[in-house]
Amino acid sequence: MLETQRDPAHRHNESGRSRAAVYASRRRLRAAVALSGVLLLAAGLTGCAGGGTGVAPTASPSAAVPASEGGDAGAKAQELFTANKCISCHGVDLAGRVGPSTNLQKIGATQTKEQIAEQIRNGGGGMPAYKSKLSEDEVNQLADWLSSKK
Ligand code: HEC
């Protein structure tokens, strides 16, 4: 009598637990399916966006300017030195390409900044004058940089 009363209750509890377990596993399954769906959707969107926009340009124009040991002013002067063909007679390394007088590697030891600026402005001794090609600022930048070569 007691057993028959307890049994259905017991079975009810059992089946209740198992239903809960089934629901729980179904919820997990649905969650997993939903999650993978979201991931697939995200992957699909990313793929489309990548294909649509192509490769974005990453190189910036300033990256092409080489850094130099002289800092910003030195880099600017070196640019002027290259752009104005000073290198064609004095060389990229300042060693001089048309005789010993064109070696500027230790020019700061024998000439002042003002003497160097004068040479750049007026030229002479085979060197062209630059006062019509360079601004006073640019002459000073070059003279400043060259006078630091000692
Ligand atoms: C066509 C060749 C030529 C070019 C281009 C040239 N130079 Fe010269 N430079 C010379 C010669 C040659 C001398 C030597 C002059 C002398 O002995 O009187 C000289 C001398 C100098 C001197 C003085 C050196 C010294 O010991 O007295 C400086 C500084 C100088 N150049 C800087 C420059 C700069 C800066 C530029 C570019 C803006 C430049 N040169 C472009 C040929 C050139």
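A residue is called buried if 20 or more other C-beta atoms lie within 10 Å of its own, exposed if 12 or fewer do, and partly exposed in between, the C-beta atoms being placed from the backbone. The structure described here is a predicted model, in which local features need a pLDDT of at least 70 and side-chain atom pairs count only at pLDDT 80 or more, while totals for chains, interfaces and linings use all residues. Residues are numbered from 1 along each chain as its sequence is written.

The pLDDT, which is the predictor's confidence in each residue on a scale from 0 to 100, averages 76 over the protein chain, and 53% of the residues score at least 70. Where pLDDT is low, the predicted coordinates should not be read in detail.

Helices are DSSP runs (H or I, at least four residues), numbered from the N terminus. Helix α2, formed by residues 71-83, has 13 residues and reaches 18 Å from its first C-alpha to its last, close to the 18 Å expected at 1.5 Å a residue, where the expected span is 1.5 Å times one less than the number of residues. Ala77, Gln78 and Leu80 are the buried residues of α2. Seen down the axis of α2, these buried residues fall within an arc of 160 degrees, so they line one face of the helix; the arc is that of the directions from the helix axis to the C-beta atoms. On the other side of α2, Gly71, Asp72 and Ala83 are exposed, whereas the buried residues of α2 pack against α6 (136-147).

In helix α5 (113-122), the buried residues are Ile116, Ala117, Gln119 and Ile120. They cover an arc of only 160 degrees around the axis, which puts them on the same side of α5. Glu114 and Asn122 are exposed on the other side of α5, and the buried residues of α5 pack against α4 (107-110) and α6.

The ligand is surrounded by 24 residues, of which the closest are Cys86, Cys89, Gly125, Gly126 and Met127, a residue being near a molecule if its C-beta atom, placed from the backbone, lies within 6 Å of it. The elements giving two or more residues to this shell are α3 (86-90), α5 and α6, and α3 gives the most, with 4 residues.

How values were computed. Contact = placed C-beta atoms within 7 Å.
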